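Thanks, everyone. I will go through one model: its pocket, one of its strands, and its cores. Here it is.

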Amino acid sequence: MNFLSMDYFAMTAHTRSFTRAAQQLHITQQTLSAHIAALEKELGCKLFLRRTPLELTYPGQVFLEYALDFQRKYRQLERDFDDLAGEEKGCLRIGIGTVRGRSIMPEVIQVYQRTWPKVDIRLFEGSGEQFCDKLVRGELDLIIGHFPQPFPGVELLDLYREEVVLLISRQLLEAQYGPRWRGVAEEVRVRQSLEPLAGCPFVANSEEDVVSALRQALFAQLDTDPAIRVMSRNLGTLLDLCLRGVGACFCPEIMARATLTPAQLDSVELFRFSQHARHTISIGYLKQARRWSVLSHFIDLTQQLLGEEEFQP
């Protein structure tokens, strides 16, 4: 038994397909099948049920736990000895949501790679819960997001407080409320309620996240259901629609300021909804006796660049 066979097995278990696993591993399907057959012969039991998609047998599930653990330990061994040799290199795999990645990662990565040019960055998009599972399985090295609940074995460090705001183009406000639009806007700010915006259309994020949670909480206070003209998972698209006067848009302020030009920001009214609209963004990694230097440098730099004071109003 060798590490190569374990890697081949783990990829096959992940893809549930000999064909896709062979493609990912850049080997022939015949070579992959031979490695799996050799493992099954050595272990004395079947690891897969040969059907579409492939299914792990119970022995296969047990062996997968060992294979993933070996992969994690071997990766840690390589990193520890790179550190001991003074070689700060490798591939850092980061899980982060699309919106947040677009907002904060370009500057962090640019500054990081000036100092550590031998480190490659791989960004993976998804949800917070998926990130934690992938981190524990060894598929990610770092995760960045809003994690309201602790996860066993995962260390979480606070980065900054992110605020969700409501943006409405002045074009839309004037079209909806005429000359009294400034008074309507002021009433929204004073009351921190959507009631003065009766009849105003919205464009909305279709994902279940902190943005939609605030929107739904504010909508629940209204007597009637607001008109949601467009729903999309892409907040960049929603911001563009907002600028065009299609609807009001809830959005993390950090993304609005990272995405919109000063002139575009001047064309919209921005509304805040107290501390309930703020949530902590954290960076997480697996608790280990020795932390990879590449990981530590990235965490330190991210904390430095994304200090809480950076995004306070």
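I start with the largest pocket, where H1 (3-15), H2 (18-25), H4 (58-84), S3 (90-96) and S4 (119-124) each supply at least two residues of the lining. A word on the source: this is a predicted model, in which local features need pLDDT of at least 70 and side-chain atom pairs count only at pLDDT 80 or more, while totals for chains, interfaces and linings use all residues. Residues are numbered from 1 along each chain as its sequence is written, and side-chain values use heavy atoms, with hydrogens and water left out.

Helices (H or I, at least four residues) and strands (E, at least two) are DSSP runs, numbered from the N terminus. A pocket is an open set of points on a 1 Å grid over the protein atoms alone, where a 1.4 Å probe fits, with protein on both sides within 12 Å along at least five of seven lines; lining residues have an atom within 4 Å of a point.

The largest pocket holds about 1,000 Å³ of space, the volume being what is filled by probe spheres set on the points, which are joined across faces, edges and corners. Its lining has 34 residues, with Gln71, Arg75, Arg93, Gly138 and Glu139 nearest the centre. H4 gives the largest share, 10 residues.

Next, strand S6, residues 154-169. S6 pairs (at least two DSSP bridges between two strands) with S11, residues 278-286, antiparallel over nine bridges. Tyr160 has Ile281 in S11 as its bridge partner. S6 also runs antiparallel to S9, residues 248-252, with four bridges joining them; there, Val165 stands opposite Cys251. With S10, residues 268-271, the pairing is again antiparallel, over four bridges, and Ser169 is partnered by Val268.

Now the cores. A nonpolar core is a set of buried Ala, Val, Leu, Ile, Met, Phe, Trp, Tyr and Cys residues joined through side-chain atoms within 4.5 Å; buried means under 20% relative accessible area (1.4 Å probe, protein chains only). Which residues have the most contacts inside the largest core? They are Leu92, Leu142, Ile144 and Phe298, in a core of 27 residues. Among the elements that each supply at least two residues are S3, S6, S11 and H13 (293-305), and H13 gives the most, six. A second, separate core has 23 residues, including Ala185 and Phe219.

Last, Ser5 lies in helix H1 and is buried, at 7% relative accessible area. Ser5 touches (heavy atoms within 4.5 Å) His35 and Leu39, not counting residues up to four places away in sequence.

How values were computed. Buried means under 20% relative accessible area, exposed over 50%, partly exposed in between (1.4 Å probe, protein chains only).
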